[in-house]
Amino acid sequence: MISSRAVIERYWSVLDRPLDKNALAAAQIALADGLAVMVAAVDLEPAAQPFADHATALGGTGRASIIGTGGKSSAPLAALANGALAHALDFEDTFEAGMIHPNASLVPAVLALAESERAEGGTVLRALALGCDFACRLSLSLDGDPAQKGWYHPPILSGLGATLGAAVIAQLTEQQMLDALGLFAAQFMLSDELKRSPQSHLRAVREGLAARAAVEAVLLARHGVRALDHPLEGQSGVFHLLTGAPPRSGPMLEGLGEQLYGPAVALKRWPCCRGTHSAIMAARALRDKGVAPEAIARVEVVVTPPNDMLFGPGPQASVPRTPIGAKFSIPFVFAQTIKHGTIALNSFSHSHLADPEIIALAGRVKMASLERDAGFDAIYEVSLANGAVHRETIAQVPIWRTADVTLDDLWPKVGDCFRARGRSMSLEAYFAAIARLDQDGVEPLMALL
């Protein structure tokens, strides 16, 4: 069985060694992508605004920027405000193998602390690379489904990654890093009851709470607060709480220090849950065949693995009450795409959520209970009013890995995000600041936002 201390020792051992260039490049890509998504969320997700207001009101004389306000706050509060934006649009990157968003709380936590500590840009990229790797390894080490124990684990694991990344910025000792993990767990664990709470904002803003907990855990550990000897693998450690079992040792330790998972993280092409992307592809294929929304009598969907969260609960999927709820709804995403042809940043406005045509069509999209062989992402069986049946098999939603992306490839997505902000922002200046992060640090970049 692995030990938390052994894991921290392995990460600590690589701090003074050059990191893999591909992992550092992936961290740069993730930073450029994640910050742009956060900028877009300032105006598109009202649920994040109270976090910015709170951080501004209590910020005092802090040095960390609050995105979209021009204001400053303390590192924990800036991490809270900016982290609330990170997942608000569900447009940030995803680690497909572990089904988490490893950079969502990591980027706001690391940047807030980096501004406060005046950290060098090279240290920021290393912190991002190592924190992302840690979150990915944690996700692969789960031996069971946390939902069966009542936990919503993605932000818990990404928050632990954010804690490690922030610990690198704060230059913690090995013991302090270990304590920081325990202090994070003492502050942030999230119930999956949010999946059954249609009007909850937690699904949108959860990463802000995780990012703040990560920064506060690191600062408290640096001040000497001792926490847990075995925060990950202990009898009541994070893994036993999540699954009832210890972590699987192979994914946690194999290649640690030599192989980093950042290059395997995938960016998103559409601003909605990765599980709904098959609906976009199927709807587009049907439109290309001339299928009109009003001609559709019923749609049965089989997804692999089965995931009823994408279809419910109750009427939530076909009549979602919040933008973030709609982003998790295969029925809504399918109906919106087949009517308008795509999913864009404005596809989840309240006018779209109230569109009677979309609501009616979404109500005809159901999760099928048929047993099918694996080997595909989804099958859409579409029955038309005239009796015709179309079947669209989505073998795999294409993965846009950071390893296969350059900064130039991000210009269209970042441009869309900046335009959604509603004010002029220079793409040239933004990408120049990202490219020069190693030399100039984070201050010029954050000043643009």
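Q: A nonpolar core is a set of buried Ala, Val, Leu, Ile, Met, Phe, Trp, Tyr and Cys residues joined through side-chain atoms within 4.5 Å, so which residues have the most contacts inside the largest one here?

A: In this predicted model, local features need pLDDT of at least 70 and side-chain atom pairs count only at pLDDT 80 or more, while totals for chains, interfaces and linings use all residues. Residues are numbered from 1 along each chain as its sequence is written, and side-chain values use heavy atoms, with hydrogens and water left out. The largest nonpolar core has 164 residues, and those with the most contacts inside it are Val124, Phe134, Phe334, Tyr380, Leu410 and Tyr430. Its largest share, 13 residues, comes from helix α2, residues 21-44 (helices are DSSP runs of H or I, at least four residues, numbered from the N terminus).

Q: And what does Phe334 touch?

A: Leaving aside residues up to four places away in sequence, Phe334 touches Ala279, Ala283, Leu286, Ile296, Val299, Val365, Tyr380 and Val382, where contact means heavy atoms within 4.5 Å.

Q: Switching to α1, which of its residues are buried?

A: In helix α1, residues 4-13, the buried ones are Ser4, Val7, Ile8 and Tyr11 (buried is under 20% relative accessible area, exposed over 50% and partly exposed in between, with a 1.4 Å probe and protein chains only). Seen down the axis of α1, these residues fall within an arc of 95°, so they line one face of the helix; the arc is that of the directions from the helix axis to the C-beta atoms.

Q: What do they pack against?

A: The buried residues of α1 pack against α6 (121-140), α7 (154-169), α8 (174-187) and α11 (249-253).

Q: Since you mention α6, is Ser139 buried or exposed?

A: Ser139, which lies in helix α6, counts as buried because its relative accessibility is 8%. It touches Phe95, Gly98, Ile100 and Leu157, again not counting residues up to four places away in sequence.

Q: What about the backbone, say phi of Asp90?

A: Most residues other than glycine have a negative phi. Phi of Asp90, however, is near 50°, a positive value, and this residue sits in the loop between α4 (75-86) and α5 (106-117), where it counts as buried at 1% relative accessibility.

Q: And phi of Arg118?

A: Phi of Arg118 is also positive, near 55°. Arg118 lies in the loop between α5 and α6 and counts as exposed, at 54% relative accessibility.

Q: Last one, where is Ala344?

A: Ala344 is in the loop between α14 (330-340) and α15 (350-353), and at 29% relative accessibility it counts as partly exposed. Ala344 and Asp416 are 72 residues apart in sequence, yet 8.9 Å apart in space, C-alpha to C-alpha.

Technical notes. Helix = DSSP H or I, 4+ residues; strand = E, 2+ residues; numbered from the N terminus.
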